[in-house]
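Trainee: I would like to learn how to read a few features from a model. Could we go through them in turn?

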Amino acid sequence: MELEINGKVYRFKFGLGFVRYIDGKSSIEQNGMQFGVGLENLIPNLMSGSVVTLADCLFAANRTENPRATQLIIDNYLEDEETDIDAVFDMVLDELKKSNATKKKAVDLIEEIEKEIEKAQTKN
């Protein structure tokens, strides 16, 4: 995925480096073993519209790429009124559904969340 920010093109890759990074930031311990739960935390937050999660996600996805965007560059881009933030959310979720490193878990989580949302809406 690519975004043009301040006239410069930045690439964002949702590969193994991305998964390792977000799992390192979010894990649980069970029976003495650590399990990364980065995607399990990331995807619901993205789907709920958390801009902080979106910024952190973009930062993590750009860490293995060149040129590298600082957190401030990403934050300023997302705060810019010219940025279609809904489109950025959609692009990130689409990329998570496509990348070999994330698609299995992402597709399952998104489907599960969408079913829960649908159930909640039919109850109301």
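Trainee: Where is the place of S99?

Mentor: The model is a predicted one. In it, S99 sits in the loop between α5 and α6.

Trainee: Is S99 buried or exposed?

Mentor: Buried means under 20% relative accessible area. S99 has a relative accessible area of 16%, so it counts as buried.

Trainee: What does the side chain of S99 reach?

Mentor: The side chain of S99 comes to 2.4 Å from the backbone oxygen of F14. If neighbours within four places in sequence are left aside, S99 is in contact with F14 and G15.

Trainee: How many aromatic pairs does a search of the whole structure find?

Mentor: The search finds one. F14 and F18 form this pair, with ring centres 5.0 Å apart and planes at 75 degrees, so the arrangement is edge-to-face. The cut-off behind that label is planes over 60 degrees apart.

Trainee: Are F14 and F18 buried or exposed?

Mentor: F14 is buried, at a relative accessible area of 3%. F18 is buried as well, at 1%.

Trainee: Which residues is F18 in contact with, leaving aside its neighbours within four places in sequence?

Mentor: The list is K13, L39, L42, C57, A60, A61, L96 and T102.

Trainee: Which residues have the most contacts inside the largest nonpolar core?

Mentor: That core has 32 residues, and those with the most contacts inside it are F12, F14, F18, L46, L58, V92 and L96. At least two residues of the core come from each of these elements: β1 (2-5), α1 (16-25), α2 (38-47), α3 (51-62), α4 (71-79), α5 (85-98) and α6 (103-123). The largest share, six residues, is supplied by α3.

Trainee: Where does Y21 lie, and is Y21 buried, partly exposed or exposed?

Mentor: Y21 lies in helix α1. Y21 has a relative accessible area of 22%, so Y21 is partly exposed.

Trainee: Which residues is Y21 in contact with, leaving aside its neighbours within four places in sequence?

Mentor: Y21 is in contact with F59, A60 and R63. Along the chain, Y21 and R63 are 42 residues apart, while their C-alpha atoms are separated by 9.1 Å.

How values were computed. Residues numbered from 1 in each chain as written. Predicted model: local features only at pLDDT ≥ 70, side-chain atom pairs only at ≥ 80, totals over all residues. Heavy atoms only, no water. Core = buried A, V, L, I, M, F, W, Y, C linked by side-chain atoms within 4.5 Å. Buried < 20%, exposed > 50% of the residue type's maximum accessible area, 1.4 Å probe, protein only. Helix = DSSP H or I, 4+ residues; strand = E, 2+ residues; numbered from the N terminus. Contact = heavy atoms within 4.5 Å. Phe/Tyr/Trp six-rings, centres within 6.5 Å; stacked < 30°, edge-to-face > 60°. Polar contact = N/O pair within 3.5 Å; in protein donor to acceptor, adjacent residues only side chain to side chain.
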